[in-house]
Amino acid sequence: MTSNSILSRQMLGNLSLVLMLELIHFAVWVDFGSALSHAMILVHLGLFLIWQPVWRSDESISWLNSGLFIIFILVFASFINLWLIFIWIILLIGFLGGFIKHNTSDQIIYMITLAFLISELLMGVTTQIFRINIGPVAYKLFFYGLFILPLTILIFIRRVSTVIHESVDLLRAVSSALLVSLVALGSLLNMYHTGTGYLDALIGTIVAISFSLIVISWLLSPRLGFSGLSQVWSQSLLNIGTPFEQWLSTISSLNQEIIDPEEFLEAAMEELTNISWISGIHWRVDEREGMHGQEDKHLVHITVNDLEVILYTRLVVGGALFLHCNLLIKIIENLYTSKIQERKLNQQIHLQSIYETGARITHDIKNLLQSIKTLASIVDQKEALSEDKQKLIRSQLPNLSRRLQLALDKLQAPEINTRENRDITSWTEELKNRVDPSLASVTASISINHEIPADLFDSVIDNLLENIASKKQLETGISADIEILADAGRVRIRVRDSGSAIPENKAMRLFGGAIDSENGLGIGIYQASRQAGLSGYTLNLTDNRDGQVCFQLEKEFSD
């Protein structure tokens, strides 16, 4: 839409509003009841239909709304009198007072319009209905003043939007209409009761009502220390039809006690039937449905996402009570959805734990298979086995059998803790027997014989030794050593090699997940790190430079 067309729509909207106000003004103040005044009122209604900002030109209006508006115009045309004008202006005040304004220019325009309509009601319509003489000076002042006031609207540009439609706040609309009606009727009552003039009674009524509103606002303001009344007012709005806090407490208890989403939904729906004005409830979600209580002649249909609910009530559900019903169903649906999501998350966590356990065991079996291949290569040698090699085979076979059985137990029951604890002295002696001295040397300094998780230590050592063996195939002259320390304050194992440093981009991601690897350092170190964390140990890369690469597995003990 071009800027010229938008500007023309803005000017047309303002012009329609000004003409609408001017016509109602002259129809009331100049020879009311004549054919000319009736014609001006009908034109005023047509301009209102063109100006009103709720329905847009691109929207379709239902036949029911169209029929009601036509009937309203016909009744107006047939029975035009000052009381109908009084009611119509009250409706206009409520209509404008309930608008939610989006910008400053709209606020100014609506304030001017409200000031005009209120003045028109109090000084034009009311005085003519009750034949009140306000005097020639006041008459001319309000006649010409109310004529000029709408023209000031042409100064402002009302923003017209094709996307954001204006909405009406029902509570503000009703409050505005009732407040102006109270001012009009209160002024008349004050005038007849005290015998004063209408203008004096009107000013006194406005002052009294204004003072009352100030006192109420002051009492409801939490900043002034009277938070009790504000809480009572908020609680009364929430407790329409049921003690909301008590019901919410019950639903919260059900949410904590019942884990299964379907069972919670069943219990929450049944809890709704304990509300006095609800006789029954029928609900459906996905392929599940249920019925609690009894059907009644009044029903409310509410749909929140996939949850469809029919509430059978003992009374007719009005606007406020319908909003309250919608709020109750939304709370139940949100809690039900959160439980569904929690179950899916638990399933994902369970699957992830199974995957990680399988990946770790697979890597352990891979290391065991590598040890078996080494032993097989020794056995396949044609020459006679030396005493050292025979000793190595005899020490390795029971260890391999034990570790294979442990891996098999984990695969059969991954949820059961199959961790094997051994003292560090015996584990170190076994390590010295099974590590090929040509691959790495083993030194130990043990003053306290702590118990250690043997599967963790085996996994870490096997992974690091495999990585060293892979590195030796690519680099020559590499030496490696394993240093074991156990004292009162800690247990520590250091595995060092003199090969090239791990690339920085891989070293930063080494303990964060699986990485691409050509010579080890893939998922094995990541799995060993997670396994160490679950056992209370830390696995770190403490040194990473050419000629000095060091991994450390450590656990400190407090005094």
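Leaving aside its neighbours within four places in sequence, which residues is W51 in contact with?

1. **What you are looking at.** This is a predicted model, in which local features need pLDDT of at least 70 and side-chain atom pairs count only at pLDDT 80 or more, while totals for chains, interfaces and linings use all residues. Residues are numbered from 1 along each chain as its sequence is written, and side-chain values use heavy atoms, with hydrogens and water left out.

2. **The overall picture.** The protein has 17 helices and 11 strands; these are DSSP runs numbered from the N terminus, helices being H or I with at least four residues and strands E with at least two. Of its 559 residues, 40% are buried (buried means under 20% relative accessible area, exposed over 50%, partly exposed in between, with a 1.4 Å probe and protein chains only). Among contacts with a separation of 6 or more, 69% are between residues 24 or more positions apart (contact means heavy atoms within 4.5 Å).

3. **W51 and its surroundings.** Back to the opening question: W51 is in contact with G13, S16, L17, M20, F95, L96, F99 and Y110, its neighbours within four places in sequence left aside. W51 also belongs to the largest nonpolar core, which has 54 residues; W51, I85, L117 and Y198 touch the most other members. Such a core is a set of buried Ala, Val, Leu, Ile, Met, Phe, Trp, Tyr and Cys residues joined through side-chain atoms within 4.5 Å.

4. Elements giving two or more residues to it include helix 1 (3–29), helix 2 (35–51), helix 4 (82–97) and helix 5 (104–129). Helix 5 gives the largest share, 11 residues. Apart from this core lies another, of 34 residues, with W427, A454, I461 and L465 among them. In soluble globular proteins, nonpolar side chains tend to be buried together.

5. Do look at the open sheet of 4 strands, with order 2-1-4-3 and antiparallel pairing (two strands pair if DSSP finds at least two bridges between them). Its edge strands are strand 2 (288–293) and strand 3 (298–304), each pairing on one side only. The twist averages 10° from one strand to the next. Helix 11 (residues 261–272) packs on the sheet, touching strand 1 (278–285), strand 2 and strand 4, and its direction makes about 155° with that of strand 1 (axes are lines fitted to C-alpha atoms, for helices over the stretch in contact, and angles run from 0 to 180 degrees between N-to-C directions).

6. **Strand 4 up close.** Strand 4 (residues 307–313) is joined to strand 3 by 7 bridges, and 7 bridges also join strand 4 to strand 1. Its residue L311 is the bridge partner of I281, while Y312 partners L299 and E308 partners T303. Strands 3 and 4 form a hairpin with 2 residues between them, and N305 in the turn has a positive phi of about 55°.

7. **Two loop residues to check.** Most residues other than glycine have a negative phi. D31, in the loop between helix 1 and helix 2, has a positive phi of about 50°; D31 is exposed, at 54% relative accessibility. R131, in the loop between helix 5 and helix 6, has a positive phi of about 50° and is exposed, with a relative accessible area of 77%.
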